[in-house]
Amino acid sequence: MNNSRISLAFKSFRQNRMAMICLWVLGLLYGLAIFADLISPYSYADEDRNFSYCPPTSIEFFDGPKIVPPFVYQKHLTFDAMHRRVFVVDRSQKYPLHFLRGGRLIQVDAPARLYLWGADARGRDLFSRICYGARISLSIGLIGVAISFIFGLLIGGMAGFYGGWIDGILMRVCEMFMMVPGFYLMLALRAAVPENFNSVQVYISVVLILALIGWASLARIIRGMTLSLRERDYVLAAKTFGVSDLGIICKHILPQTVSYSLATLMLSVSSYILAEAGLSMVGLGIQDPVPSWGNLLSNAMEIVPVIFAPWILLPGLFIFMAVMCFNVIGDALRDAFDPMFQD
Amino acid sequence: MIGLFLVQAQAASRYGGSLVEAVSSDPKTFNDIVSTDANSRVITSLLFEGLTTEDPFTLKVIPNLAKSWDVSPDGLRWVFHLRTDVRWFDGVFLSADDVVFTFNDLIYNPDIPSSCKDVLTIEGKPLTVEKIDDHTVRVILPVKFAPFLRAMGQSILPKHCLMKALRDKKFSFTWGIDTPVEQIIGTGPFQLSEYHPGERLVFKRNPHYWKKSKTQEQLPYLDKIVFLIIQDHQAQLLKFMDGELDAVGISGSDYPLLKPLEASRQFHIFEAGAAYDANFVVLNQNPRLNPKTHRPFLDAVKLSWFTNLSFRKALAHAIDKKKIIEILNNGLGLSQDGPMSPGSGFFYTPDVMTYDYDLKKAKEILKQAGFHLSPDGGTLKDPQGHPVEFNFYTANAASAGREAMSGIIRFDLERLGMKVNLVTVEFNTLVNKLMSSYDWDMVMIGLTGGVEPHFGQNVWASSGGLHLWNPRQKTPATLWEKRIDEIFNEGAQELDENKRKILYDEFQRIVAEKLPVIYTVLNMDMYAVRDKFGNLKPSVNGGAFHNIEEIYKK
């Protein structure tokens, strides 16, 4: 692969408007994750049970006709005759917004609470939890893909390069992994993880489980490409110069598959994000109180909260955005690297 | 005029129509002697009846298949007079042989894993059940046994249908769910007419049913009862709102969804009162060694915390019951401190030690017991300096509220400086931990209760298998456990209800004070039922349709 081809590909990618928009959106989402401590008004576990399912707080700019620095009102939870939650706004005191105080972008003084996107059952700020949840959901995809990518490349490369019985064994192993329906394999693997793991250990095990499921399909594709690449003249040349097998695979064969694998990589990140969300939503992934977009959504599996507090569906929107962005970018990358596509 | 009035009153109740309910899983068996799960019981309670039953409102024992009984002055010899008009579904009349067969050949048969053997065995001895004539049975007790009449609610099964299975030693597997429905023979108001596993059960009216209404009308009124098998409560709610179900049991959090729809969708929500099902936290206090590994089931350090009453009291003060009721039940619930529910009626006492939510008090109690916070204030350490960290197990899915409740409790325990790892496992895994592997620290689980305190003996007696915190003790580990054992023994033999109440009140006070289990909140039993039915009288003790034979379709 030469430099001119890469620059050509990037040029073509940049001309894809949709892909560029998605890149920006993804950048924004990763920004949320990285700067969660700054952006979110509360820590993810900060709860106030007096604000169970509190609707989004409205930020006031007007005091009568006068424009004043933004402030919010305190709310009180009551139940009506039908036992529905009713929040009564207490206008007796204004709570001004504080900017950049205590390491957080926006804050209000207790007892008032700032819920930009509403609260969950225990009065935790959904916006903060989505920001912190992005750390888990967006990183799990990347790390998981990176691990399965390394495995996929190496195993696929070896199988293709050596052929014969090595190929046979490796590919049968791949097929065994691909044969079992993904989600069920994931559940089975999760059941094998010790149940008293803390949140970091659960996170790592979820990443490994995802990686273990994902590498097989990548390995098969790389193997197919390697099979044809190993017959090329430059591989023969490298062999005659006495380059080691591993050297040939890593230096001369795998780089040729990068264009394809990069695109596949992007597409599989999205499926990893979905897999984590699925696992966490059924309560087997990341455990409360640590948020991930998946376990935030688990609350939305019941009718009553969705009807009375529809904002708890928001994490679903974030999953949708992230998955779509990775898909569009993956498609665009594949088009960009495909020589037939270039003018 | 009077004649006209009577005709009108009668016109109110009509024959025909059907009722569609939901049940959350398939029955495991139709064999009422071996069944242990609640769903099978829901089904078999329509098919089978006992000699006595409980009045759902006064909770007193009333006649059922036995029309009356006499008792000797010493309270040991009981003579039951059976009704002469009771017929099995196949037309054969009920006789004393069936009663004798049910007790002697089925319940006390050592080859049959009968679920009711324990309740009907008093101090290790069975009851002696004898036939006097075709419709009279004598029962002799080894010692006085106060809950005896209530225990006589045990279903009676037909001898003429089951004798062959018993002789072939196949009884334990008879009347499984693969049995043709017409072979399931009982005396109840309804008989099974169709069963489609995973889908639905259909019952048809028993035309020979013995009960008559006050106006001498043949009961039951309904032609058909359908149970749809719907596992997910959310799906049950949706089907009820769509009109596919005629009734659904609801929780406090469903109430605000359904209540505003009452008029427009023509149903009514019945609030029967506080449920029996307690939710509680329990700490492992099992000091024994695992016979396989020769190491203790529970780490000695943890054991020293959990057996420390102050530690348990601090925990009890860290449970925010008021907010749990608000968050999980929309305010429709009761906080619970003692082992019985107000739904149990007579034997319940509210006069027990209560624990308000007060983290300051909890910290104070821990401090006095020698626990202290690390210099940074984040970690609680015991008097020997071990950081307090343990696993907190709870079951997922089926017990929806408990998982959320555990999260709230964990948060407050962490505020006390404890490190609590909340672990959600399958319900069966949790039961296995509690009953056999004993490898747990703290568990949130629930047990159902009832009217008669003695039937909780397997939980409260120190030798009981469900004595969760330290099961199957040879001798009581503590003085108060010894006292509870005494109370249960005395209570079972005391025939004066008022004296029994004094005993069981003491038991409730001991449990609330010594906190072997730490109670949280009680749900309210509520049922949403479509307006088309008459004679509805829901009660906690029996649900929305305990008087199913009297219910008619308007």
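Predicted model: local features only at pLDDT ≥ 70, side-chain atom pairs only at ≥ 80, totals over all residues.
**Notes on the two-chain model**

1. Staying with the contact, 31 residues of chain B and 24 residues of chain A take part. Putting chain B and chain A together buries about 2,500 Å² of area. Carbon and sulfur atoms give 58% of that buried area.

2. On to chain A, where three strands make an open sheet in the order β1-β2-β3, with antiparallel pairing. The edges are β1 (60-63) and β3 (85-96) of chain A, each of which pairs on one side only. Neighbouring strands here are turned by 55° against each other on average, direction ignored.

3. In chain B, have a look at helix α2 (residues 38-47). Its buried residues are Asn39(B), Ser40(B), Ile43(B), Thr44(B), Leu46(B) and Leu47(B). Viewed down the axis of α2(B), these buried residues fall within an arc of 150°, so they line one face of the helix. What do the buried residues of α2(B) pack against? Their partners are four strands of chain B: β1 (18-23), β8 (190-196), β9 (200-205) and β10 (224-229).

4. Chain B also has an open sheet of four strands, in the order β4-β5-β7-β6, and the pairing is antiparallel. At its edges stand β4 (66-71) and β6 (128-133) of chain B; each has a single partner strand, so one side of each is left without a neighbour in the sheet. On average, neighbouring strands of this sheet are turned by 25° against each other, direction ignored.

5. Within that sheet, β4(B) and β5 (residues 77-82) of chain B run antiparallel and are joined by five bridges. Trp69(B) has Phe80(B) in β5(B) as its bridge partner. Helix α3 (residues 96-107) of chain B packs on the sheet, where it touches β5, β6 and β7 (136-140) of chain B. The direction of α3(B) makes about 170° with that of β6(B).

6. Strand β20 (residues 442-447) of chain B deserves a look too. Five of its six residues are buried, so β20(B) is largely enclosed by the rest of the structure. Six bridges join β20(B) to β12 (residues 267-283) of chain B, and these two run antiparallel. With β18 (residues 389-395) of chain B, β20(B) runs parallel, joined by three bridges. Met442(B) is the bridge partner of Leu283(B), and Met442(B) is also the bridge partner of Phe392(B).

7. Last, a surface residue. Is Lys292(B) buried or exposed? Its relative accessibility is 77%, so Lys292(B) counts as exposed. Lys292(B) is found in the loop between β13 (289-290) and β14 (295-296) of chain B. Lys360(B) lies 68 residues away from Lys292(B) along the chain, and 43 Å separates their C-alpha atoms.

Definitions and conventions. Residues numbered from 1 in each chain as written. Chains lettered and ligands numbered in written order. Heavy atoms only, no water. Buried < 20%, exposed > 50% of the residue type's maximum accessible area, 1.4 Å probe, protein only. Arc of directions from axis to C-beta. Contact = heavy atoms within 4.5 Å. Pairing = 2+ DSSP bridges. Axes fitted to C-alpha atoms, helices over the stretch in contact; angles between N-to-C directions. Buried area = accessible area lost by both parts, 1.4 Å probe.
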